[in-house]
Amino acid sequence: MTSTPISGPVAQKGKKLDTTKVRQAHVTGWILLGLAVLAAVVFGAGSEGTATFRLSRPNDPWALPDLLIPAAAFNYLVAAVLAFLGVRQFLRGGLRWTSLSLGLGMALAVAAFLVWATAGKGFSLTGMLQATVVAAVPITLGGLAGVLSERVGVVNIAIEGMLLAGAFTGALLGSLVGGIGGLVAAVVIGGMFGFILAALVVTYRVDQIIAGVVINLFVLGVTSYVSSQVYSEHRFLNNAPIFSPIRIPVLADLPVLGPMLFQQNLFVYGAIVMVAVATYYLFHTRMGLRARSVGEHPRAADTLGINVYRTRYINVTVAGMVAGFGGAWFTLGSVGRFDENMTNGLGYIGLAAMIFGRWHPVGALMAALIFGFANSLQQKLALLNTPIPSEFLAMAPYIATIVLVAGVVGRARAPAADGEAYVKE
Amino acid sequence: MFSFRKTLAPTFLAAALIAGSDASAFTACQVTDTGGIDDNSFNQTAWQGVLDAQESLGVEGRFLESQAETDYVANINSLVNGDCDIIITVGFLLGDATKEAAAANPDQAFSIVDYAYDPVIPNILGQVYATDEAAFLAGYVAAGVTKTGVLGTFGGINIPPVTIFMDGFYRGAMYYNAQNGTEVTVLGWNPETREGLFTNNFNSLDDGRAFAQNLYDEGADIVMPVAGPVGLGSASLANELGADKLMLVGVDADLYLTDPNNSHVYLTSVTKRMDATVSEVIARAMNGSFEGGVLVGTLDNGGVDLAPFHDMAERVPAELSTKLAAVRAGIIDGSINVGE
């Protein structure tokens with residue numbers, strides 16, 4: 001369902017756009033109708049009993065009644081709503097709501113699936129949502145680092161290495177001088193690798209992908225070596241304090257939302273603030289406009305007097321600092337110790353979140369949340385003894401991200417000068 | 001069936017005497033699985049076997065770490081070209097790579113931890129462990145200690161050396177229920193469908209934390225992570241919550257000793273004495289009695305065991321300890337079948 005390239009005289013442009021839109025609406029309509037059938041036949045007819053979603057946890061100080069949903073009835077209702085949304089796509093006036101309907105439809109289908117899987121059983125919904133937010137943190141920060149550097153035209157494959165370097169430094173310095181010191185050091189090291197990447201690709205015009213891979217392999221090698229040779233002998237170097245959750249007064253006591261958003265540690269709040277600041281910086285300040293122009297058309301930016309090299313250096317270094325902060329989450333925000341390759345490819349997932357989020361900080365955050373949701377959903381489903389093999393459940397986060405992004409986000413466009421070295425004349 | 005505790009020392013002595021001055025020329029090489037030599041768990045315990053042999057037999061030990069599954073073949077091949085008297089590969093996932101290398105180099109002695117070949121390959125000695133016997137004991141004692149009546153477990157990858165722990169743990173808890181009329185449930189593993197909770201990696205410590213949190217949210221107060229270093233992430237959560245709310249059962253090594261930063265969260269550990277079997281294999285290779293086949297570690301010969309409770313001893317009532325000893329004796333004499 002990709003749109004046909006727009007060509008020909010300007011007069012035809014409007015018409016072609018319309019037919020594309022109509023076709024998209026029809027495809028969406030069929031998808032929604034298909035989901036409606038799925039919800040009715042599989043999830044509706046196949047469910048018995050009540051699905052129990054626990055809103056408060058056994059050890060919570062306050063208690064909220066469980067959310068009890070009659071499974072079959074709920075799923076038939078979902079099927080009806082899906083069918084309604086689907087049919088609307090074929091009627092006049094449905095065009096405006098295509099993406100929204102698809103997004104809503106997907107969410108409803110997931111809810112129906114969840115109710116079907118939980119029918120007759122129960123699990124902690126609050127726990128799942130809290131885990132979603134936590135799992136999204138490193139991906140969001142990785143994705144944000146990607147946005148910051150790719151917006152100035154530097155492809156940042158090195159996010160994985162920067163995360164790992166941040167995690168390592170956070171653990172080492174955190175053990176020696178405490179959490180704050182470890183965090184600062186992780187940010188500095190991340191920034192240092194950002195600067196190295198910038199130097200390699202801006203000044204020395206090394207291929208950006210290769211430079212990134214080199215940094216990743218270098219960091220993996222060094223940290224693994226130190227971890228196996230030094231940490232195993234001197235355990236005190238790898239025993240960092242963990243930032244404990246900060247309760248935001250009043251808000252933290254809200255049911256469901258409280259544990260999700262207002263009883264988290266520094267890294268969760270930090271990630272949200274950074275996304276907001278980065279969005280403001282990139283899209284609402286003069287500096288941000290200049291940065292984006294460097295990523296789109298460096299030659300034009302240069303002729304207007306923008307220092308392309310300096311802009312790239314600064315933004316890629318800042319991106320490195322963001323990734324360093326994200327890396328510190330693994331040790332100072334989660335488990336308090338470093339272990340070989342503990343980032344386990346999340347930097348690359350962050351990069352994917354950036355693309356799925358259309359090179360926009362908020363988009364990256366959304367993609368990370370979807371990934372985090374699918375990830376924690378997968379963990380709950382494994383406990384519910386669903387007839388789905390665990391290997392398929394493990395694929396769920398990736399599949400969900402692909403489907404949602406392909407279906408809802410649509411075509412994403414990278415900054416025009418992404419990945420290209422700029423040679424000043 | 002031999003006994004490690006009883007036979008190892010004389011074997012070492014004999015081997016050392018026979019080998020004499022040549023001892024230092026004997027080289028034992030090891031290829032780790034992903035997770036690293038210092039994972040406080042699986043790879044580290046196996047490497048300890050080589051270190052023990054270095055000390056008692058005077059062999060030389062070398063290791064290569066696998067950073068990814070793609071390293072297995074390359075690592076083994078680079079050792080084949082060196083001068084290793086025996087190559088020990090650590091982990092079920094290296095099974096195919098080891099088999100290929102052994103077929104290509106019929107004169108090289110191999111041994112693999114966690115894999116038994118059927119039919120037997122003449123130059124590979126497989127080391128396998130009846131870990132379900134020890135895990136059965138862990139499940140039994142955990143079912144007796146839990147306050148919420150819910151236990152949890154999760155694994156690294158759904159492969160036999162991992163799930164055998166979960167099988168034993170589950171069945172031990174069920175056996176406790178049957179004996180004591182309780183209704184303790186085990187989350188994270190279903191022995192009938194062979195499905196459960198898996199991180200699908202052995203690297204992400206933050207997964208270990210998230211998975212333990214998941215089980216804790218569902219009411220579990222004792223969790224057994226079977227995922228190598230990933231379990232250390234679970235330990236940080238238990239440390240934060242406090243042992244009253246969440247305790248762990250360690251696997252592979254006695255994590256009370258190998259993870260001293262969080263030692264107070266471990267109720268006990270299901271130990272898999274890979275160090276004992278690895279040194280035994282090295283000893284056999286040195287004294288010439290090496291031959292392909294299978295070496296099984298059991299509760300009876302000390303190849304698997306339940307670690308002491310250490311600081312947790314007060315949480316385990318005397319009555320439960322007595323019952324546990326009876327179960328242990330029952331498993332050893334065969335009157336309790338851990339496989340069903």
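Among contacts in chain A between residues at least 6 apart in sequence, what percentage join residues at least 24 apart? The figure is 77%, where contact means C-beta atoms, placed from the backbone, within 7 Å.

This is a predicted model: local features need pLDDT of at least 70, side-chain atom pairs count only at pLDDT 80 or more, and totals for chains, interfaces and linings use all residues. Residues are numbered from 1 along each chain as its sequence is written, with chains lettered from A and ligands numbered from 1 in the order in which they are written.

**Select chain A.** You will find 15 helices and three strands. These are DSSP runs numbered from the N terminus: helices are H or I of at least four residues, strands E of at least two. The C-alpha atoms fill a box of roughly 65 × 60 × 40 Å along the principal axes. Of the 425 residues, 51% are buried (20 or more other C-beta atoms within 10 Å of the residue's own, C-beta atoms being placed from the backbone).

The contact takes 36 residues from chain A and 38 residues from chain B. Color helix 7 (208-231) of chain A. Helix 7 gives the most to the chain A side, with five residues. Other contributors of two or more residues include strand 3 (122-124) and helix 12 (308-335) of chain A.

Where they touch, domain 1 gives 13 residues and domain 2 gives 16 residues. Finish on helix 2 (residues 42-57) of chain B, which supplies the largest share of the domain 1 side, three residues.

Technical notes
Contact = placed C-beta atoms within 7 Å. Buried ≥ 20, exposed ≤ 12 C-beta atoms within 10 Å, placed from the backbone.
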